[in-house]
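Subject: Structure handover

Hello,

Please find the structure below. My notes on the sheets, the domains and the ligand shell follow it.

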Amino acid sequence: MNEHNTRAGFAAIIGAPNAGKSTLVNRLVGAKVSIVTQKVQTTRFPVKGVALAGDVQIVLVDTPGIFKPRRRLDRAMVRSAWGGAEDADAVVHLVDAQAEIAVAGGRATGAEKKSADDVESIVAGLKGAKRKAILALNKIDVVKRDNLLGLAGRLFETGVYDEVFMVSAANGSGVEDLKNRLAELMPPSPWLYPEDQTADLPSRLLAAEITREKIYLRVHEELPYAATVETTSFADAKEGSVRIEQTIFIEREGQRAIILGKGGQTLKWIGENARKELTEILDRPVHLFLHVKVKENWAEERGLYSDLGLDFDV
Ligand SMILES: Nc1nc2c(ncn2[C@@H]2O[C@H](COP(=O)(O)OP(=O)(O)OP(=O)(O)O)[C@@H](O)[C@H]2O)c(=O)[nH]1
Ligand SMILES: [Mg+2]
């Protein structure tokens, strides 16, 4: 690799909750670096993934969804999403085309309407920030092409975008074109990460994220938002295996029964599925031990925010 010809930089992916930002980052990187669920507000802090396009290294910054925040954690998540965009060499605003088209057609669900409202406030934010973004319409695998052109035109008229891409993060269509364009936008620079590195989350945090993903996949309503996962111990064990201990913090004693499930089935499912995935990611046998603790104010503890790289005072 000739250092003088290399380019490298940051591309932030911003958008409303559930637009598919983490799915897109994983797709661009070609590996799972950020957790994905069907629920809104899955990503809580900026997660970096490294994609390569020839001599160019694109550091993708997956951000929490931008929405109207209420809790401190929500405010910190939204602040960090905009922060990720400020410092980036390119900003991609990813929009759930399916939700937008449903709203335009007058047959939207509450979640789709919320998504469209969030898109509007992101457009307003981009106007205020006086910087152009790339518009990427996502989920084109589930919408009609005619509807897409109208949507692209309508959003483009806001004046905050300089180009449009249409992609499906889920099946990869259009993603290569977007990646090539991002590569062109990266400035001349030595690479920022070693050639073989795709993610930069510390193992303990990655392990906690995987378990949190399983909670989001298995448990519904308010509980996922009332839970956080902390890795308390991560140690080499016998025969090349690793022993991981984690605590799932919940806010109220009454939530314990929900996370445990009947006869402990729910917690067992979470543990088994997290262990399986960690075994694949770490490429070694994993022994995973989960504990559940009530800590009413976990979302008000300063330490959590600094661990995740979030601002507490927002
Ligand atoms: N049909 C379809 N579904 C998609 C596509 N991309 C993502 N999804 C689904 O959309 C949901 C949300 O995906 P995520 O990647 O977690 O979305 P996000 O924008 O990171 O969400 P937050 O982290 O909550 O802001 C998941 O159920 C994905 O499988 C796509 O191209 N097509
Ligand atoms: Mg996400």
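Two strands count as paired if DSSP finds at least two bridges between them. Helices (H or I, at least four residues) and strands (E, at least two) are DSSP runs, numbered from the N terminus. This is a predicted model, in which local features need pLDDT of at least 70 and side-chain atom pairs count only at pLDDT 80 or more, while totals for chains, interfaces and linings use all residues. Residues are numbered from 1 along each chain as its sequence is written, and chains are lettered from A and ligands numbered from 1 in the order in which they are written.

Domains. The protein chain splits into domain 1 (3-185) and domain 2 (203-308), with bounds from an automatic or database domain assignment. Their centres, taken over C-alpha atoms, are 28 Å apart. Contact (C-beta atoms, placed from the backbone, within 7 Å) links 11 residues of domain 1 with 12 residues of domain 2. On the domain 1 side, four of these residues are nonpolar, three polar and four charged. Here Ala, Val, Leu, Ile, Met, Phe, Trp, Tyr, Cys and Pro count as nonpolar, Asp, Glu, Lys and Arg as charged, and the others, Gly among them, as polar.

Six-stranded sheet. The order is S2-S3-S1-S4-S5-S6, in an open sheet with mixed pairing. Strands S2 (47-53) and S6 (161-166) are at the edges, each pairing on one side only. From one strand to the next the twist averages 25°; axes are lines fitted to C-alpha atoms, for helices over the stretch in contact, and angles run from 0 to 180 degrees between N-to-C directions. S4 (residues 90-96) and S5 (residues 133-138) are parallel, with five bridges, and Val92 has Ile134 in S5 as its bridge partner. Helix H2 (residues 72-86) packs on this sheet against S1 (7-15), S3 (56-62) and S4, at about 145° to S1.

Three-stranded sheet. S7-S8-S9 is also an open sheet of mixed pairing. Strands S7 (228-236) and S9 (286-294) each have a single partner strand, so one side of each lacks a neighbour in the sheet. S7 runs antiparallel to S8 (residues 242-250), joined by eight bridges. Helix H7 (residues 203-218) lies across S7 and S8, and helix H9 (residues 265-282) across S8 and S9.

Ligand 1. The shell has 24 residues, the closest being Gly20, Ser22, Thr43, Gly65 and Ala170; a residue is included if its C-beta atom, placed from the backbone, lies within 6 Å. Helix H1 (residues 21-29) gives the most, with three residues. By class, eight are nonpolar, 13 polar and three charged.

Regards

How values were computed:
Two residues are in contact if their C-beta atoms, placed from the backbone, lie within 7 Å.
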